[in-house]
Amino acid sequence: MDIKVKNMVQPSMDGMDLSVSPAKRMWILAWNSAAFKFGFFIFGALMLTALVYPEFSSVDPTKMNYRARLLPPIFVGDWTSAHPLGTDQLGRDLLLRCLVGLRYSVLIGVTTVVLMFILGCGLGLVSGYKGGVIDTIIMRLTDAQLSIPMIILAIAVLGVSRPTVPAIIIVLGMAGWPLYARVARSVTMSERQREYIRGERVLGASDWRILFLFIAPAVLPPIAFVAILDVARMMIFESILGFLGLGVQPPTPTFGNIIADGRKYLINAWWVATMPGIFLLVTLTSLNLMGSAFEKARNQVLKGEH
Amino acid sequence: MKLDRRNFMKTSAMAGVAASLPVLNTAFFSSDAFAAQNKPITFLSAENLTGNWDPTAHTALSQIIFEGFVFGYLTRAPMRPDNPDEIVFELATSMKLLDEHTLEFKLRKGVKFHNGEPFTAHDVKATFEYASGPDRPAQWYPGQCKVEVIDDHTAHVKTKEFGYPASLFWFLSAFLPIMSAKDVADGKSLTERPNGTGAFSFVKQDGNTTVLEANKNFFAGAPKVPGVNFSFVGDATTRMLSLLSGESDIIERLEAEQVETIKSNSKFKLNEAVSVENKYLWFRCSKPPFNDWRMRRAVSHAIDRDVLLDVLGVSGTASNAWISPVKFGYVDTPNYPKYDPALCQKFLAEAGFPGGKGLPKLEYITSVGFYPKTKEYGEIITAMLEEQGFNIEFSAMEVAAWGDRLYDRPGGGPGHMIDCGWATGSPEPDLVLRTHFHSSSKRITGIVDPEIDAVLDKERNALDPAERKRIIQEEVMPMLAEKVPSLSLFTSVFIHAMRKELDGMLIYPNGMLDATSATNS
Amino acid sequence: MFILGFLTRRILQGFIVLFLVTFAIFTLLRVVPGDPARLIVGGMAPDNVVAQKAEELGLNDPIPVQFITYLGQLVQGDMGNSFLRPKSGAIVGASEYDDPTRGNRAQVLDLILERLPLTLQLAGVSIVFCLLIAFPLGVAGGLRPGSWMDRLAFFAGSLFVSMPNFWLGIVLAMLISVKMGLLPSIGYKGFSYTILPAFVLAIELAPFVIRTLTVSIAQVMQEEFITIAPIRGLTPFRIVFAHAIRNASIPLLNLFGIQLGTLLGGVLVVEYIFDYPGLGLLTINSVLQRDFPLIQGIAIFISGIFVFINIIVDLAATAIDPRLEY
């Protein structure tokens with residue numbers, strides 16, 4: 001399939017087979033860019049390592065070793081150390097903690113963003129397309145939600161029960177969806193004015209058809225960026241909750257609580273809080289690479305159409 | 001009016017400037033290059049003050065420390081491990097037990113309160129009678145008492161009417177701030193402005209900082225520094241950074257790693273002192289499964305306290321009793337529960353849960369952010385208990401949520417085990433023992449055990465201090481070791497770090513500070 | 001005339017939003033565990049004192065009744081008194097016992113207004129920093145997609161977004177205040193104490209501004225009216241500033257309205273880390289101490305600011321691009 005696609009799109013992108021739908025062409029273009037492949041490769045490799053390595057490692061990520069606390073990474077201290085990234089304040093292997101943390105953080109980040117995305121975009125699309133009273137109601141609800149500080153929401157929800165991963169996802173999702181609603185709405189509003197949409201309407205296309213077939217794809221790219229950045233932001237919010245004592249409870253490691261717990265040791269043992277940060281950086285950069293490849297592909301496809 | 005983009009940009013930029021204008025002040029980029037001879041001491045407290053200045057209205061350690069600057073005490077207790085019973089006279093010049101129920105204080109002459117009123121036996125009377133009232137929340141007094149004013153500088157504390165020995169005030173005299181009789185009578189001024197005889201007087205509250213100035217009329221001579229700024233900063237790292245960047249002079253509650261940093265920096269020095277605070281694992285004794293003493297023993301034998309101390313490093317020290325080694329009556333309890341997995345399994349089996357089978361999920365609650373390393377050692381304790389087959393749900397909560405759950409309530413407090421420390425600024429052991437283990441109190445554990453009650457009553461009513469000490473050491477502690485209503489994990493070591501230039505600070509084992517002869521250049 | 005109608009409508013709607021928010025916050029805070037009466041009188045107070053306090057505060061009434069009472073006071077500008085803070089504004093622990101002789105409680109509104117200027121200063125400076133950082137990167141990246149500047153913008157965004165604010169705050173305080181002694185940062189004694197915290201906030205906000213700028217400028221640059229602009233004889237400089245930035249400013253404005261939340265979240269943590277005595281520190285402390293009237297007051301106050309700023313944002317966006325009638 002790979003070869004076929006390559007033959008089809010290269011070298012002239014704009015003049016490619018127009019029988020393929022724009023959305024599909026966008027995918028194909030994105031897939032073929034070096035940035036996307038690179039990002040995809042890094043992200044895939046990270047996730048694969050995170051899923052496989054801890055299973056086959058002889059060490060348990062929650063296993064403490066009181067004698068081996070705060071050992072530095074091998075490139076700082078002892079090259080013969082059994083802990084490549086050093087150990088944390090309880091002598092647990094930091095590499096393992098980071099990898100298992102990556103699983104949970106990606107889970108929290110992605111699920112939260114998907115939740116916000118579905119909720120926010122759905123409302124935003126309807127709001128922007130319908131306008132009038134519906135728009136006003138939805139937008140005021142958005143404003144109301146937007147102006148409730150996350151921390152208040154967090155203590156209300158997380159204070160009631162023991163903070164668990166689903167509870168944290170719900171809090172973050174509830175605090176974040178208005179952003180998507182607003183962006184989706186503003187894109188929808190400028191999009192519905194375009195000729196081709198008007199044309200469709202004249203041709204008798206139903207509202208839902210227009211909304212999902214024509215407007216929704218246009219909403220996706222500008223939000224894709226926000227969404228990708230938000231995966232990162234959600235991971236960081238999760239750590240802020242940990243910082244406030246409202247985070248995921250031990251022994252479950254997440255980037256957030258490793259960083260939050262390691263902050264105390266920043267002056268003496270910088271690696272505890274910094275290593276998960278580097279993992280976070282690499283993860284996000286790979287996600288970002290994929291996202292921006294998408295954006296470029298979209299621009300190319302749009303350009304070809306006009 | 002039509003807003004175009006340029007106007008909008010301009011006006012919004014202006015709004016930004018305008019918003020920040022009112023607070024711009026002349027201290028812009030100022031530095032303290034012209035440091036005076038002696039600067040006021042800025043102390044960062046790890047805990048907040050209560051905002052109600054009445055010393056009988058709180059049990060907050062921070063405020064007890066604050067009171068140490070402003071108020072006078074009849075005596076002071078240096079509480080050093082080598083001589084825990086030592087008493088130094090301050091507002092009193094002598095203390096004598098006249099009979100079983102009468103303690104006589106001779107008072108220092110020529111002492112004045114910050115508002116200019118002279119200090120007399122009437123103030124002692126007002127303080128003792130008010131503060132020992134059963135409705136006072138702090139409840140530091142062993143019971144109500146009456147004070148007889150013999151003359152302006154002699155007072156007799158009487159306890160006959162209330163049925164306990166007056167000797168209990170011997171050590172407590174070091175812990176009870178003396179208020180002015182006028183303030184006590186008025187009530188309102190007591191809560192609104194601290195007024196004592198101490199070396200520093202209250203000036204104002206400025207945000208989270210309480211500003212104090214030197215008391216020129218202090219009976220032992222005016223302090224050398226012009227004042228003290230008592231400031232609350234909740235985050236340990238922030239306190240550390242503040243000290244390191246020269247914003248503050250002395251900080252408290254350091255953890256092991258921070259001590260390392262200070263040690264490697266020649267501009268700062270440390271003070272380490274064994275404190276009056278023990279940290280405990282409290283069991284909810286009034287509900288299953290910990291209403292069974294064998295379950296409590298099983299947990300106690302599953303915990304290797306050496307490991308906890310290893311993680312705590314310098315901020316904890318080993319002790320084997322329910323009171324700190326600097327308190328009256330401390331003993332290395334011979335039968336203190338030791339780490340012994342076999343014994344743990346034996347008790348588990350006897351309680352009907354061999355290998356932990358059949359046990360419900362047990363919740364272990366701790367706080368994060370106030371005490372050093374609670375989350376770290378909490379995770380360790382959880383791991384140790386799970387190794388023995390317990391099924392533990394560990395909850396590390398922010399301080400307010402933890403505080404909500406701390407105390408006993410009818411039917412047993414929340415969770416099954418909870419972490420908390422207890423520090424009182426007096427060698428008096430009943431401030432811990434009776435408070436926590438007597439059935440009349442039920443503070444955290446909710447324990448009701450007639451045998452424990454009996455030894456606690458026997459100890460309190462002993463007339464001779466030597467006899468009382470013997471009962472505590474040979475009867476109370478061994479009994480607690482048998483029944484473990486709570487497990488004392490270790491004794492905290494209070495560590496203060498300060499600038500090298502700050503000299504002559506006297507630091508008490510409950511964290512109280514005496515800056516009377518300190519210099520700070 | 002249009003503006004006037006717009007304003008009236010939006011302000012009216014703003015009040016409805018505020019009402020919704022007030023109700024939501026009020027209800028949320030009553031669901032939170034932690035008996036306010038118990039909190040006020042302290043953990044050691046006898047049960048009858050707790051019950052008496054609850055009665056006194058009207059906590060036994062049904063929630064709608066309590067809400068209407070509160071609303072009635074709110075309309076008169078009275079946000080109630082802090083549970084725990086005395087007039088002097090000092091922080092108060094939850095462990096002590098209230099008694100009738102105690103000094104007066106501080107007005108919530110006074111506490112907020114006292115702290116507000118410092119937080120506005122912090123937010124203002126950080127927005128300036130943020131624009132200073134983001135504009136060159138974002139515009140350059142948007143003009144030349146694929147160039148090294150675009151990559152720089154991209155990696156700067158990735159880097160900034162993956163640094164938790166408390167991590168960056170501690171590291172900067174460590175390096176700049178402690179190691180180099182260049183800028184003071186812990187506490188507040190003058191304007192210079194604002195710079196580091198504001199910088200940390202700016203770094204937190206910058207990635208969003210950079211991305212939005214890059215994306216929308218790149219998009220706008222491909223539009224027909226831009227591609228034919230040189231034919232109309234416009235210089236590249238004018239094209240960028242007259243058209244591209246103008247068009248990019250709408251998503252940017254929307255972003256600002258929305259990222260106020262991020263800014264606020266950042267303010268909370270940054271003020272706590274730097275011991276900066278603004279609204280954020282007040283919020284964290286009141287949350288940690290469950291000072292409900294204060295939390296409630298702050299939340300409603302902030303919501304008010306949000307609503308107000310979002311009206312301005314929409315107004316400005318409409319002024320820039322009249323297609324977006326609201």
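In what order do the four strands of the open sheet in chain B stand, and is the pairing parallel or antiparallel?

Reply: This is a predicted model, in which local features need pLDDT of at least 70, side-chain atom pairs count only at pLDDT 80 or more, and totals for chains, interfaces and linings use all residues. Residues are numbered from 1 along each chain as its sequence is written, while chains are lettered from A and ligands numbered from 1 in the order in which they are written.

The order in chain B is β4-β5-β7-β6, and the pairing is antiparallel. Strands (E, at least two residues) and helices (H or I, at least four) are DSSP runs, numbered from the N terminus; two strands pair if DSSP finds at least two bridges between them. β4 (92-99) and β6 (146-151) of chain B each have a single partner strand, so they stand at the edges and one side of each has no neighbour in the sheet. From one strand to the next, the twist averages 20 degrees.

One of the residues involved is B:Lys146, whose bridge partner in β7(B) is B:Lys158.

Helix α3 (residues 121-131) of chain B packs on this sheet and touches β5 (102-107), β6 and β7 of chain B. Here a contact is two residues whose C-beta atoms, placed from the backbone, lie within 7 Å. The direction of α3(B) makes about 175 degrees with that of β6(B); axes are lines fitted to C-alpha atoms, for helices over the stretch in contact, and angles run from 0 to 180 degrees between N-to-C directions.

For context, chain B has 16 helices and 21 strands in total.
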